[in-house]
Amino acid sequence: MKNTVAIYPGSFDPLTKGHEDLIHRASRLWDKLIIAVAVAHHKKTLFSLEERMDIVCQVLKNYENIEVHSFSGLLKDAVEEHHASVIVRGVRAVSDFDYEFQMAGMNKQLMPHIDSVFLVPGQEHHFTSGTFVREIGLLGGDVSSLVSPYVEEQLKKKRQLQGLA
Ligand code: PNS
């Protein structure tokens, strides 16, 4: 799988240790890994695009083969722009599979020559999800095992801004 550009798209709202685990694995498998942060028209995010980009850039700054970009619109356009040939997504449990399989199928229709590859995170991240991280973080719970210290700080700021602290 050498000389291949892989793209890992997602909302990353916010980046979790589960994402980081997958990113670490993907960065060892492919020469170049693009983290494509979606504007995410499909959902209301806690963090703005700029905040999510900042978090991803800060946390991943030590990886030499990773580039961070945002994208709006179709993933197909980002894949073409960055000359990627592999789409990376994570699956934690069977419950993820339905949605991921449908998305891979749609992407296959739009991009027949591009392959979706699913990576499984380490067991300690099988229950890590952005939804739970946002909820626990905003309600003042301990998220230190779920996100990096930088994300923890940003969650604390959000909690204060929303008058929850
Ligand atoms: O982290 P998420 O929210 O599960 O990521 C979903 C994302 C952003 C990867 C997906 O919604 C996406 O690729 N959106 C771009 C629109 C698109 O290309 N849709 C067609 C394929 S389903």
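1. In this predicted model, buried residues account for 46% of the 165 residues of the protein chain. The accessible surface of the protein chain amounts to about 9200 Å², and carbon and sulfur atoms contribute 54% of that area.

2. The protein chain contains 6 helices and 5 strands, and, read from the N terminus, its elements follow the order β-α-β-α-β-α-β-α-β-α-α. With a radius of gyration of 16 Å, close to the 15 Å that the globule rule gives for 165 residues, the protein chain is as compact as a globular protein of that length. The C-alpha trace spans about 50 × 35 × 30 Å along its principal axes.

3. Among the contacts of the protein chain with a separation of 6 or more, 74% are between residues 24 or more positions apart.

4. A search of the whole structure for aromatic pairs returns 3 of them. In one of these, Phe 97 and Phe 101 have ring centres 5.2 Å apart and planes at 20°, and because planes under 30 degrees apart count as stacked, the pair is stacked. Both residues belong to helix α4 (residues 94–110), where they are 4 residues apart, about one turn of the helix. Ring pairs also bring in Phe 118, which forms a cluster with Phe 97 and Phe 101.

5. Are the two stacked rings buried or exposed? Phe 97 counts as partly exposed, at 39% relative accessibility, whereas Phe 101, with a relative accessible area of 54%, is exposed.

Methods: Residues are numbered from 1 along each chain as its sequence is written. This is a predicted model: local features need pLDDT of at least 70, side-chain atom pairs count only at pLDDT 80 or more; totals for chains, interfaces and linings use all residues. Side-chain values use heavy atoms; hydrogens and water are left out. Helices (H or I, at least four residues) and strands (E, at least two) are DSSP runs, numbered from the N terminus. The radius of gyration is taken over C-alpha atoms; the globule rule is 2.2 Å times the number of residues to the power 0.38. Buried means under 20% relative accessible area, exposed over 50%, partly exposed in between (1.4 Å probe, protein chains only). Contact means heavy atoms within 4.5 Å. Accessible areas come from the Shrake-Rupley method with a 1.4 Å probe; for residues, only the protein chains shown count as cover. Rings of Phe, Tyr and Trp (its six-membered ring) pair if their centres lie within 6.5 Å; planes under 30 degrees apart count as stacked, over 60 as edge-to-face and the rest as tilted.
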